[in-house]
Every structure is written in C-alpha cells, then in structure tokens.
Amino acid sequence: MTSHADSNLSDPEFLSPEEFAQFSGLSVPTIHRYLKSGRLPYIQPGGFRCRILIPQNALNSSGKIPSENSPSVPPRAKKPQVKTSGPEPAWKKKHKIRKSKK
C-alpha cells in the first residue's frame with residue numbers, strides 16, 4: 001500500500017533541481033541559491049538532507065524567476081576605489097606605470 005507522500009514523489013508535477021534548471025534555463029547553482037533564499041518553493045518529503053522537489057508551476061510563478069519576456073537587470077555601478085592608508089605593496093610598485101619626463 002502506498003501512502004500519500006509516496007504518490008507525490010512519482011507525480012510529474014514536481015521536478016528535481018536539475019530538471020527545473022533544464023526547463024527554466026537557469027543553472028543548478030542558481031536554483032540552489034533560489035531555494036536557500038526562499039525565491040523558489042520546494043518540498044522535501046523525506047525530511048532534511050533528502051531529495052528536493054520543486055513544483056512545476058514555480059516556472060510560471062508571479063515574477064520570482066526571470067523569464068525571456070522580463071526586462072534585463074541593469075549592471076551594478078562600479079564602486080569608487082578607496083585609497084587605504086599605509087605604504088603601497090611591493091608588487092604594486094613594480095607594476096606601476098611611470099610617466100617619462102620630457
């Protein structure tokens with residue numbers, strides 16, 4: 001006799017992180033970051049350290065995952081370099097471009 005939890009494991013409405021990555025176009029590490037941060041819903045029927053299952057409808061969730069139609073995120077602005085106190089390291093002195101005096 002199979003329990004209700006066992007029937008969920010064989011349902012095609014749940015995907016492994018690897019399968020979800022193939023369908024979404026995201027990388028597996030990105031999927032794991034999204035799972036850890038809570039951006040993707042998931043279940044673990046076996047408990048902690050067991051198989052992770054992601055609902056297939058999470059692909060179409062309310063804008064949590066970037067899609068092809070969504071506008072791209074602008075690149076981050078460069079942070080200004082801050083001069084630290086103390087002497088310059090020796091390696092930096094060797095590679096410094098010196099202006100010639102004419």
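User: How many aromatic pairs does the structure hold?
Analyst: In this predicted model, the number of aromatic pairs is zero.

User: OK, what lies over the face of Tyr34, then?
Analyst: That is Arg39, which is placed over the face of the Tyr34 ring at 4.1 Å from the ring centre.

User: Switching topic: which residues make up the largest nonpolar core?
Analyst: The largest nonpolar core has ten residues in all, namely Leu15, Phe20, Ala21, Leu26, Ile31, Tyr34, Leu35, Leu40, Ile54 and Ala58. Helices α2 (17-24) and α3 each supply at least two residues of this core, and α3 gives the most, with three residues.

User: And what does Ile54 touch?
Analyst: Leaving aside residues up to four places away in sequence, Ile54 touches Glu13, Phe14, Leu15, Pro17, Phe20, Ile31, Leu35, Pro41 and Tyr42. Among these, Leu15, Phe20, Ile31 and Leu35 also belong to the largest nonpolar core.

User: Back to the helices: where is Thr30 found?
Analyst: Thr30 is part of helix α3, which covers residues 28-37.

User: Is Thr30 buried or exposed, and why?
Analyst: Thr30 counts as buried because its relative accessible area is 13%, and the cut-off for buried is under 20%.

User: Which side chains does the Thr30 side chain make a polar contact with?
Analyst: One of them is the side chain of Ser27, at 2.8 Å, and another polar contact joins the side chain of Thr30 to the side chain of Arg33, at 3.0 Å.

Key: Residues are numbered from 1 along each chain as its sequence is written. This is a predicted model: local features need pLDDT of at least 70, side-chain atom pairs count only at pLDDT 80 or more; totals for chains, interfaces and linings use all residues. Side-chain values use heavy atoms; hydrogens and water are left out. Helices (H or I, at least four residues) and strands (E, at least two) are DSSP runs, numbered from the N terminus. Buried means under 20% relative accessible area, exposed over 50%, partly exposed in between (1.4 Å probe, protein chains only). A polar contact is a pair of N or O atoms within 3.5 Å; within protein, one must be able to donate a hydrogen and the other to accept it, and residues adjacent in sequence count only if both atoms are side-chain atoms. Rings of Phe, Tyr and Trp (its six-membered ring) pair if their centres lie within 6.5 Å; planes under 30 degrees apart count as stacked, over 60 as edge-to-face and the rest as tilted. A charge sits over a ring if NZ of Lys or CZ of Arg is within 6 Å of the ring centre and within 35 degrees of the ring normal. A nonpolar core is a set of buried Ala, Val, Leu, Ile, Met, Phe, Trp, Tyr and Cys residues joined through side-chain atoms within 4.5 Å. Contact means heavy atoms within 4.5 Å.
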